[in-house]
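Hi there,

Here is the structure I promised to pass on.

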Amino acid sequence: MSKQKRHVLLLETSVDFELIGICSHHSDYRLAWGINKILGLELTKSEEPLVIQSKKGTVVSQHSFHVCFDEVDHMEWYLIKNKSEWKFLIPEKSQIDYFLILRDNVLHDLEDIADRIRESNSVMAAYVFEASTIPSAELIIFE
């Protein structure tokens, strides 16, 4: 008998956003107001939560978020609370309170945005993270 050949299909998931972690003791609406003022955005609270599902399709957690669709720069901004009902959006970064996610960003420098966010009285710290290096970031899918 000849040996059967096995072919393995490896699917790489890609993270299609950039990530800034924000530490703040303020509520999400107060932080969104401060970011709106500093960056000139119009982040508004979404009525539906962001639902995070495992790779098997089961719901892992749900998180409230604010969103801004920037028609001028053709990009999306999301301010998402990291902790919800004792579960984290990104468990590897449990010390972070909020994440500012930028989709389709080709114009803005993340370090510059983080520096400007740090100027807010609502913000204690802001860090730029490489989303592709965080395993749980693959579970964040925007439709």
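Predicted model: local features only at pLDDT ≥ 70, side-chain atom pairs only at ≥ 80, totals over all residues.

Local features need pLDDT of at least 70, side-chain atom pairs count only at pLDDT 80 or more, totals for chains, interfaces and linings use all residues, and side-chain values use heavy atoms, with hydrogens and water left out.

The protein has two helices and 10 strands, as DSSP runs numbered from the N terminus (helices H or I, at least four residues; strands E, at least two). From the N terminus on, the order is β-α-β-β-β-β-β-β-β-β-α-β.

Six of the strands form an open sheet with antiparallel pairing, ordered β2-β5-β6-β9-β1-β10; pairing requires at least two DSSP bridges between two strands. Strands β1 (residues 17-23) and β9 (residues 98-103) are joined in the antiparallel sense by six bridges, and Gly21 stands opposite Phe99 in β9.

Both helices pack on this sheet, where contact means heavy atoms within 4.5 Å. Helix α1 (residues 28-39) touches β1, β2, β5 (65-70), β6 (75-81) and β9, and its direction makes about 150° with that of β6. Helix α2 (residues 110-118) touches β1, β6, β9 and β10, at about 165° to the direction of β10. Those angles run from 0 to 180 degrees between N-to-C directions, with axes fitted to C-alpha atoms, for helices over the stretch in contact.

Finally, 42% of the 143 residues are buried (under 20% relative accessible area, 1.4 Å probe, protein chains only).

Best wishes

Conventions:
Residues numbered from 1 in each chain as written. Buried < 20%, exposed > 50% of the residue type's maximum accessible area, 1.4 Å probe, protein only.
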